[in-house]
Amino acid sequence: LLEAPALANDAAREAALELSDFVMAHAGRAYVDARSPAGLDMLSELFRRNPSALLVYRCEDRADPGSFRLLMANAEAARISGPRLFAQVGKTLQEASRALLATEIPGHYAAAVVAGESRTWITNGSGPLADRTYETRCFPLVSDHVGVIYRDITERQQLESEVRRDRKSVG
């Protein structure tokens with residue numbers, strides 16, 4: 001599920017079970033029988049092959065923004081964030097990225113857990129992806145977990161900018 005080579009099948013299966021709990025909490029059994037072997041395989045594939053970057057964190061201490069532990073990450077998240085992301089699975093923000101703690105991101109995650117609020121923000125890429133723009137959304141999941149989705153919106157922003165320029169030149 002996490003696509004990290006060092007993970008055993010048991011760990012991937014456990015992660016899929018945890019993901020199925022999230023799905024069932026939001027969709028209910030009427031929509032998915034996620035505990036069946038076929039359901040677990042489907043959820044695992046959905047997470048793994050999703051074209052959006054997907055992360056799942058667990059908040060271990062609501063009073064400590066550094067306590068968000070990365071539990072799951074898909075291949076698209078590692079492509080955007082870098083391959084070191086897989087080495088961060090199982091680590092808290094405090095352990096993995098002190099620089100991230102100085103940003104507004106842990107506050108967004110905390111709002112998802114404490115207030116049950118989704119948050120959306122725009123960020124620019126870094127390193128070889130510095131010319132890219134990403135829309136990031138975090139949202140509450142069950143039991144003090146937070147889901148994070150981010151996707152590349154560079155082309156969309158470029159088109160919107162062109163439309164605004166065209167409207168100004170016409171008007």
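Let's start with Arg79 and Glu76, whose side chains form a salt bridge at 2.8 Å, N to O. This is a predicted model. The two residues sit three apart in helix H3, so about one helical turn separates them. Arg79 is partly exposed, with a relative accessible area of 46%, while Glu76 counts as buried at 18%.

Glu76 also turns up among the contacts of Ser52, along with Asn74, Ile149, Tyr150 and Arg151, leaving out residues up to four places away in sequence. Ser52 itself is in the loop between helix H2 and strand E1, and counts as buried at 15% relative accessibility.

## Arg132 and its two partners

Arg132 pairs with Asp152 in a salt bridge of 2.8 Å, N to O. Because Arg132 lies in the loop between strands E3 and E4 and Asp152 in strand E5, this pair ties together parts that are 20 residues apart in sequence. Arg132 is buried at 19%; Asp152 is partly exposed at 28%.

Arg132 also bridges to Glu155, again with 2.8 Å from N to O. Here the link runs from that loop to helix H8, 23 residues apart. Glu155 is partly exposed, at 43% relative accessibility.

As for the rest, the count comes to 13 salt bridges, and Arg58, Glu60, Arg69 and Glu95 are linked in a network of them.

## Nonpolar cores

The largest nonpolar core has 25 residues, and Val146 is among those with the most contacts inside it. Strands E1, E2, E4 and E5 are among the elements that each supply at least two of its residues. Apart from it lies another core, of six residues, including Phe47 and Leu71.

Notes: Residues numbered from 1 in each chain as written. Predicted model: local features only at pLDDT ≥ 70, side-chain atom pairs only at ≥ 80, totals over all residues. Heavy atoms only, no water. Helix = DSSP H or I, 4+ residues; strand = E, 2+ residues; numbered from the N terminus. Buried < 20%, exposed > 50% of the residue type's maximum accessible area, 1.4 Å probe, protein only. Contact = heavy atoms within 4.5 Å. Core = buried A, V, L, I, M, F, W, Y, C linked by side-chain atoms within 4.5 Å. Salt bridge = Lys/Arg side-chain N within 4 Å of Asp/Glu carboxyl O.
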